Amino acid sequence: MVVAAAGRSIDATLVEALADDLHRAERERRAIDRLTDRYPDLSIDDAYLIQAALLGRRITEGERIVGAKLGFTSVAMREAMGVAEPNYGWLTSAMLLPDTRVPLGELIHPKAEPEIGFRLAGPLAGPDVTSADVFAATDALFACLEIVDSRYKGFRFLAADNIADDSSAGRVVVGPPVPVPSDIDLALVGIVLTVDGVLVATAAGAAALGHPAAAVAWLVRRLARVGRGLDAGMLVISGGLTRPFDIGAGTTMTVTIDRIGESTLVGHA
């Protein structure tokens, strides 16, 4: 069960109606106007309530919550999208791709960004979780490419819009798991991103809130405010390390992360 924020400034009927709007947009592959264009006072707490209702629809249709995602943990991402602070969303079983192929026909305007993923061997919860706690609960790291896909026209949104839309969750391509090296400093690992064999971006792990494990710890502390944590076995992707790049039919994108490995996607019409 996904628990949303406790605060509410819109009523439950409107929460459900806006979740329906977003769900139809995703299923029909049809971009809609921003929620904040209709409801300019929509709060962050409202947005998490809508997110929870939206995920409830996916669960009803047979999907499972398999992990969590962080959004806007890097300065590059916040500047690219005009968002002031990090947020979070949830990953479902339908979002994890079985291979490198990205089904563009199921998406509205897909873009991809490189991330470091954590697989949890044990649960994580509580208001005082630290990076050390995250590492203690992690049994593998992954090089990931997250395919983000906002349901809003022009890929334009405010923070509340993005949160309600499950932080633009779309699909994820996950590379092979790597046991956590005992001496790795994820803040210093290098990231290289290529598109069609051309270098388009480089970064370091520190782009994710100074350290990817610190980003995951932020998520756990944020979830503690609404009485939720992360479960054993979950995949947590710790936030985009570069700005997002468009994916088209035939696009090949590869991220290489020092000591963690590679992940590759190919856009398919």
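1. A nonpolar core is a set of buried Ala, Val, Leu, Ile, Met, Phe, Trp, Tyr and Cys residues joined through side-chain atoms within 4.5 Å. In this predicted model, the largest such core holds 74 residues. Ile50, Ile147, Leu230, Met253 and Leu265 touch the most other members.

2. Mean pLDDT for the chain is 94. A value of 70 or more is reached by 96% of the residues. Residues 1-7 stay under 50. For that stretch the model has 20 contacts beyond four places in sequence.

3. The salt bridges come to 20. Arginine 171 pairs with glutamate 106 at 2.8 Å, N to O. Arginine 171 sits in strand E6 (residues 171-174), and glutamate 106 in the loop between strand E3 (101-103) and strand E4 (111-120), so the bridge ties together parts 65 residues apart in sequence. Arginine 171 is buried, at 8% relative accessibility. Glutamate 106 is partly exposed, at 43%.

4. Arginine 151 and aspartate 165 form a salt bridge, also listed at 2.8 Å, N to O. The pair links distant parts of the chain, 14 residues apart. Arginine 151 is in the loop between strand E5 (138-148) and helix H6 (159-164). Aspartate 165 is in the loop between H6 and E6. Both residues are buried.

5. Glu26, Arg27, Arg58, Glu61 and Glu63 form one network, joined by salt bridges that share partners.

6. Aspartate 99 meets arginine 101 in a salt bridge of 2.7 Å, N to O. Aspartate 99 is partly exposed, at 29% relative accessibility. Arginine 101 is partly exposed too, at 47%.

Conventions
Residues numbered from 1 in each chain as written. Predicted model: local features only at pLDDT ≥ 70, side-chain atom pairs only at ≥ 80, totals over all residues. Heavy atoms only, no water. pLDDT = per-residue confidence, 0-100. Contact = heavy atoms within 4.5 Å. Buried < 20%, exposed > 50% of the residue type's maximum accessible area, 1.4 Å probe, protein only. Salt bridge = Lys/Arg side-chain N within 4 Å of Asp/Glu carboxyl O. Helix = DSSP H or I, 4+ residues; strand = E, 2+ residues; numbered from the N terminus.
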